[in-house]
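Please look over the structure below.

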Amino acid sequence: MDTEGHSLPSASCGDGRKRRVCYYYDPGVANVDYGANHNMVPRRVAMAHALVEKYGLLADMERLRVRPATEAELRAFHDDAYVRLLRDITPDAYHDGDLRDRARACGVGVPETDETDASAYDNPVIDGLWDYCLRYAGGSLAAARALADGSSDIAINWSGGMHHACRGKASGFCYVNDIVLAIQELLEHFERVLYVDIDVHHGDGVEEHFKRESRVMTVSFHLYDIDRDVKPFFPGTGKVEDVGEGDGKYYTLNVPMKAGMDDERYQQLFRPIMDEVMEKFVPDAVVLQCGADSLYGDRLGEFRLSVKGHAGCVSYLRSFNVPLLLLGGGGYTVNHVASCWCYETAVAVGKEKEISDEIPFHGYEHYYRDQGYKLHFTVPKKNGNKKDDLIDKIKQDALMNLAMLKPPPTTVGEHRPSKRHAINVKAHYDQNQDKEAKKYRWCRREDDDPMERLHRLCGEADRYDFFTELGKRK
């Protein structure tokens, strides 16, 4: 890996390249269906995992044991009444008038326009909703605990990153805010936690919860455009003037941007701003929400980032060698999302230069036809002068807010975090990921994606003969 940022060596590895990385994947998340016309497709996590597996990256990571969150763990942030609603609501139960009214008051099952159009519901009442919430939240909690016990330098949960969910309300396709839960877990073991959000949408739910907190700093790079003929770009929050409140004043940093941000302009902002944040706040752990809707060609986003441009943010924060939690988030062109999160997994383990740009056969290869079966899709060049006065203003506004940041807080008394107490390290990891599984690049118990199983059974060489024979039998 080229030297990025500080490129500090880790305690476990004597150079700036290697890291101890753990990885969470729950195949149950991928089977959730928001609806035929909905923009959110959880299957994208399975697509990313299939690429990670096929590129052999699982051999470079420890697999975390699949463990859904508990109801009590959700209540660490969410209101009791809201948690009970998520537990009890089903498509059939939604027809009950009282339950429907409760759900709509909590942002669940609220139509944006036409009630007959399933895609009009941002947060639909779907089959398996409760199980889905427990599964992706459990992944982020498991990843946070793996960092807290010191057994990993980087922890990954691509099914997490649901940054819009509020204490008692669903929002923006997000029902449970796994990020808040993970940060709260980290605060039990680290004094200061930095949250960075590179989703095209503002990380409003996380910011709202921590805006009065000096032990958590939130930084959001997002599209902000309220001057539209139609409704503002969702969620319509995240002004540069929003800097937190009370004890948390200036521990909230917003970097609002306009549509069309490309790699060069984005990094002109990201690197100097984050360099200053790391120096001023001195975090003990970093949570990076890697929403992939900031990529070029996203169905909802309006940025122009490439996979490498997006992953540059991961690489830069990785270089500081502070415990790093990588989460998913938005992303609605599923092939771009899978390409991005696979490549960022390679960045995490230090092998991004060793994986081929050619998409391997892995069960989902047909999704990549429009990008030429390449991991890195093409971003058309944009005409115009790279010098942009607006970029300078955005950067200066952010740096002025950072100049107001107080010295790093020191916790005292009852607020001092525990020192990695009562953590059973072995309980976090999948003990079935034995040496044989690593040798063959797959983990037998956890991988349950039907396309992956099909390829393991058939093999690449005879997959076409397999389908031909199957057709004859039918």
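The report goes from the whole chain to single residues.

## Model and conventions

This is a predicted model, in which local features need pLDDT of at least 70 and side-chain atom pairs count only at pLDDT 80 or more, while totals for chains, interfaces and linings use all residues. Residues are numbered from 1 along each chain as its sequence is written, and side-chain values use heavy atoms, with hydrogens and water left out.

## Overall fold

The chain holds 16 helices and eight strands. These are DSSP runs numbered from the N terminus: helices are H or I with at least four residues, strands are E with at least two. There are 474 residues, and 56% of them are buried. Buried means under 20% relative accessible area, exposed means over 50%, and partly exposed lies in between (1.4 Å probe, protein chains only).

Contact means heavy atoms within 4.5 Å. Of the contacts between residues at least 6 apart in sequence, 77% join residues at least 24 apart.

## Nonpolar cores

In soluble globular proteins, nonpolar side chains tend to be buried together. A nonpolar core here is a set of buried Ala, Val, Leu, Ile, Met, Phe, Trp, Tyr and Cys residues joined through side-chain atoms within 4.5 Å. The largest has 81 residues. Those with the most contacts inside it are Leu 194, Phe 221, Tyr 266, Phe 270, Met 274 and Leu 326. Helix α11 (residues 334-349) gives the largest share of this core, 11 residues.

What does Met 274 touch, leaving aside neighbours within four places in sequence? Its contacts are Leu 194, Val 196, Val 219, Phe 221, Tyr 316 and Leu 317. A second, separate core has 63 residues, including Tyr 34, Met 40, Val 176 and Leu 186.

## Cavities

A search of the whole structure finds two cavities of 30 Å³ or more. A cavity is a set of points, on a 1 Å grid over the protein atoms alone, where a 1.4 Å probe fits but cannot get out; lining residues have an atom within 4 Å of a point. Volume is the space filled by probe spheres set on the points, which are joined across faces, edges and corners.

The largest cavity has a volume of about 50 Å³. Its lining counts 13 residues, with His 163, Gly 172, Cys 174, Gly 330 and Tyr 332 nearest the centre. The second largest cavity has about 30 Å³. Tyr 195, Glu 207 and Asn 254 are among its lining residues. Strands β5 (216-223) and β6 (252-257) each supply at least two residues of that lining.

## Two loop residues

Pro 283 sits in the loop between α9 (263-281) and β7 (285-289). Is Pro 283 buried or exposed? Pro 283 counts as buried because its relative accessibility is 8%. Its C-alpha is 5.8 Å from that of Leu 194, 89 residues away along the chain. Not counting residues up to four places away in sequence, Pro 283 touches Arg 192, Leu 194, Met 278 and Val 322.

Cys 166 lies in the loop between β3 (154-157) and α7 (178-187). With a relative accessible area of 30%, Cys 166 is partly exposed. Leaving aside neighbours within four places in sequence, Cys 166 contacts Phe 77, His 78 and Tyr 82.

Methods. On a 1 Å grid over the protein atoms alone, a cavity is a set of points where a 1.4 Å probe fits but cannot get out, and a pocket is an open set with protein on both sides within 12 Å along at least five of seven lines; lining residues have an atom within 4 Å of a point.
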